[in-house]
There are 2 protein chains.
Amino acid sequence: MENIISTLQQQLGSEKVLTGAAVKARFHHIWHTDQPLTAKAVLLPDSTEDMAQIMQICHKYEQPVVVHGGLTGLVGGTETQSHDIVISTEQLSNIEEVDEKSRTMTVQAGVILQQIQEAAKEKDLLFPLNFGAKGTAQIGGIISTNAGGLRVFRYGMTRNLVLGLEAVLPDGTVISSMKKIIKDNSGYDLKQLFIGSEGTLGIITKAVLKLTEAPQSRNSAFIGINDYDNVIRLLKYMDKGLAGTLSGYELIWNSTYRTMTSPSTSSKPPLSYDYKYYVLLESLGSDYEKDRQQLEQLLEHTLTEGIIQDAVLANSAADLQWFWTIREDVHVLVSQCTYDHHFDISIPIPLIETVVDSIIAELAGIEEIECIFPFGHIADGNVHFIIGRPTKEEAIIKKINDIVYAPLKKIGGSVSAEHGVGLHKKSFLSLCRTPAEIQLMKTLKQTLDPKHILNRGRII
Amino acid sequence: MENIISTLQQQLGSEKVLTGAAVKARFHHIWHTDQPLTAKAVLLPDSTEDMAQIMQICHKYEQPVVVHGGLTGLVGGTETQSHDIVISTEQLSNIEEVDEKSRTMTVQAGVILQQIQEAAKEKDLLFPLNFGAKGTAQIGGIISTNAGGLRVFRYGMTRNLVLGLEAVLPDGTVISSMKKIIKDNSGYDLKQLFIGSEGTLGIITKAVLKLTEAPQSRNSAFIGINDYDNVIRLLKYMDKGLAGTLSGYELIWNSTYRTMTSPSTSSKPPLSYDYKYYVLLESLGSDYEKDRQQLEQLLEHTLTEGIIQDAVLANSAADLQWFWTIREDVHVLVSQCTYDHHFDISIPIPLIETVVDSIIAELAGIEEIECIFPFGHIADGNVHFIIGRPTKEEAIIKKINDIVYAPLKKIGGSVSAEHGVGLHKKSFLSLCRTPAEIQLMKTLKQTLDPKHILNRGRII
């Protein structure tokens, strides 16, 4: 069996096949732990041809592989065992083209999100996907996990931003459809198989991304509201009034807001602590002054109508920075926890208050819990919880998981809005997918990867 | 074999199983021909349970079935042979819920698009999908063909408007995920298998549709441009300037515009015949007067800059009606043709002028051709051609097809932007999909429908 390494070295060249000390030396830093990487080898393909060759060889030898991109996933999808071979996409790092007229960017899988954002910006275009790990996350991993983020409400998940895709199947077959066209109903849309399937059906090697015109103005407001029904009313009113420019609508619960703006942080509170909910809203438009006036008028109307209790607009770039740091710097929340336990659930929008209140009430029964911080991308029905606990004890972890996930089945929610399933959420999958759905996933996996060599054991 | 009919009658009740004269009497009108429907039977399920039972029985008997919705497809997907059983979705006609707060609508597969539009409108919401056959097309067929239309640029294809889906597999298994949530990364997104696969992998029985707030204002302008590069420049400038409200950007070639507004039609030309291209633009916003002023200012700027040669804004509801009738009443074009030959191709946006010009030049070599009318949803890269010919002769049809489709392979285009493949475009599929892609489509079909009973022979 061991001659797979020499076969790979012969075919790829030995500089693309790391083994032994080279594996540990090179990758021990990437786990946010002190653990060296455990793997039989690390492969560094720099072309689709390399990737196809690798998979042909691994398929022949029935060699399990785990694909590594930027390693920013949160569900254990990149964990390895000693018999695995790791395929890193880091050498697939070329931006092949930015086409201003088609408003597309053609990239290899290993290009980092921030580079994509910057390359778009240079042409006065926008790649709207954005999230905390943008300086490290690679587009191949982003697509394979269908990543979300702060502007899904307006621009969609990653799935909506991919026009063309190339992937290598577990047997080395290249499925390539690197088209720049927006509409294509010529048969099955095969790229959908690879988007969001967490690298279990194929390895993404290239993509054509959809860009949009860069917005010329950005406005934001922090809003205090005492009634969840009014959170929905405001969303609908703003969405209608801002007519296409509303791009963010984040909800922060009172407890979370207090911590995010406590004296120990660098952020003063833009509004007092008197309100039950805080909405942080963003519009991306074409004319700063006009857009600001419009937002102000809409907010004044909702204040007069009693839909909102208070609001403050960002008046400068510094204000924008201040407002969004409050929302985005989750480290402030994490620092309150001995161990931080993260959730990323979807709930139908009208039910969010009831479900979150009932979860918090249930969690109150676990006396070990240090803190509970709900917040989220509420226009998308996506709630994040950070829960602090003083222990790594499995029984406590299980209790917390059970309480947070329990309501989701009945209400048609999801245990994973954005982060995926990987290894860590597998045992909860049946809370939001039916046995027939899970069976169909297994059938697809069996069909495309009958030897189960690709990211084995993820999802199902 | 014939006892499949009695089995179906026993299980469903005989009122849901039409045979003999009842088949011909009931359906002879639907083909836009005088031909009666040819089929062994027509089934009228009124629930998902009925549909599951039908497919269990047909699977057992290896009975080929063809699914019929509103029969507005343009690629022969609903054609039948005498040994087929037709399953009509017409009894699956309930709108189950309009949820204003979630901004979703839950519908059975047989609900007609116009009913969906009206039910959304009643709650001051919008289901943005819109096309000519809206009074007949059923949502099950619309989803299974991933229909497009006039506002794809802003709101996306049907694929982007489906949150939850229920489908019955060829063996009768029900795959149900009727969720209202926007984000769900809990495993494979199975609904993508059924959207756009033209009913070859499963029969859609229900869907949760995504609605948006209804726009409060609509503005349009007709614009004359002499240079294709400026068509793109204007698109980018308007998209940026209108910042999220641009919803339509249609291009009409001079020859097409002349015919659309000729004295024999009811439409006067809004602009003179002096320009090479005519753009019909639409914005959907929140404030008619403000939106109109903004559009006017943007157009004035492009006029001053020499990007456009002339423009006229719609000043009233009557003007809007006038402008859009010109674009939408393709009957005016069809009436110029003895036989009308339609195309629905995708071309990368920067290449449209060159490709269309070269197609027209090539077509000039066929002396039988009566007329050539190019127009299309240019912001999506989707060009429609209507070509008139005096004959049904196969050799001429083949010549025309070959000329129009020939350039698409090299440039990464598509033989079908919106209409699908069905039976009529199968022989052109390899012009825009690779052998590996077509093989993977066949593998998926074989996996989900090993007996090939469901919409047999479509696409691949």
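Leaving aside its neighbours within four places in sequence, A:Gln294 is in contact (heavy atoms within 4.5 Å) with A:Gly241, A:Leu242 and B:Ser286. The residue is placed in helix α10 of chain A; helices here are DSSP runs of H or I with at least four residues, strands are runs of E with at least two, and both are numbered from the N terminus. Although A:Gln294 and A:Gly241 stand 53 residues apart along the chain, their C-alpha atoms are separated by 8.3 Å.

The structure is a predicted model, in which local features need pLDDT of at least 70 and side-chain atom pairs count only at pLDDT 80 or more, whereas totals for chains, interfaces and linings use all residues. Residues are numbered from 1 along each chain as its sequence is written, chains are lettered from A and ligands numbered from 1 in the order in which they are written, and side-chain values use heavy atoms, with hydrogens and water left out.

The axes of α8(A) and α10(A) come within 11 Å and cross at roughly 145°, where axes are lines fitted to C-alpha atoms, for helices over the stretch in contact, and angles run from 0 to 180 degrees between N-to-C directions. This crossing of α8(A) and α10(A) is right-handed, a crossing being right-handed if the near helix is turned clockwise from the far one by less than a right angle, and left-handed if anticlockwise. On the side of α8(A), the residues are A:Leu234, A:Tyr237, A:Met238, A:Gly241 and A:Leu242; they meet A:Gln294, A:Leu295, A:Leu298, A:Leu299, A:His301 and A:Thr302 in α10(A). By class, 7 of the residues in this contact are nonpolar, 4 are polar and none is charged (Ala, Val, Leu, Ile, Met, Phe, Trp, Tyr, Cys and Pro count as nonpolar, Asp, Glu, Lys and Arg as charged, and the others, Gly among them, as polar).

In chain B, helix α8 (residues 228-242) and helix α10 (residues 288-304) pack at an angle of about 145°, with axes 11 Å apart. The crossing of α8(B) and α10(B) is right-handed.

Between the two chains, 92 residues of chain A are in contact with 92 residues of chain B. The size of an interface is often given as the accessible area lost when the parts come together. Chain A and chain B bury about 6,900 Å² between them, 56% of it on carbon and sulfur atoms; buried area is the accessible area (1.4 Å probe) that two parts lose on being put together, summed over both. A:Lys183, A:Asn185 and A:Tyr188 supply 15% of the area that chain A buries against chain B, more than any other three residues.

Chain A and chain B are joined by 16 salt bridges, each a side-chain nitrogen of Lys or Arg within 4 Å of a carboxyl oxygen of Asp or Glu. A salt bridge is formed by the side chains of A:Asp380 and B:Lys183 (3.8 Å, N to O).

Over all chains, 50 salt bridges are found in the whole structure. Within chain A, A:Lys206 forms a salt bridge with A:Glu96, their closest N and O atoms being 3.3 Å apart. Because A:Lys206 lies in strand β10 (residues 203-210) and A:Glu96 in strand β5 (residues 95-99) of chain A, the pair ties together parts that are 110 residues apart in sequence.
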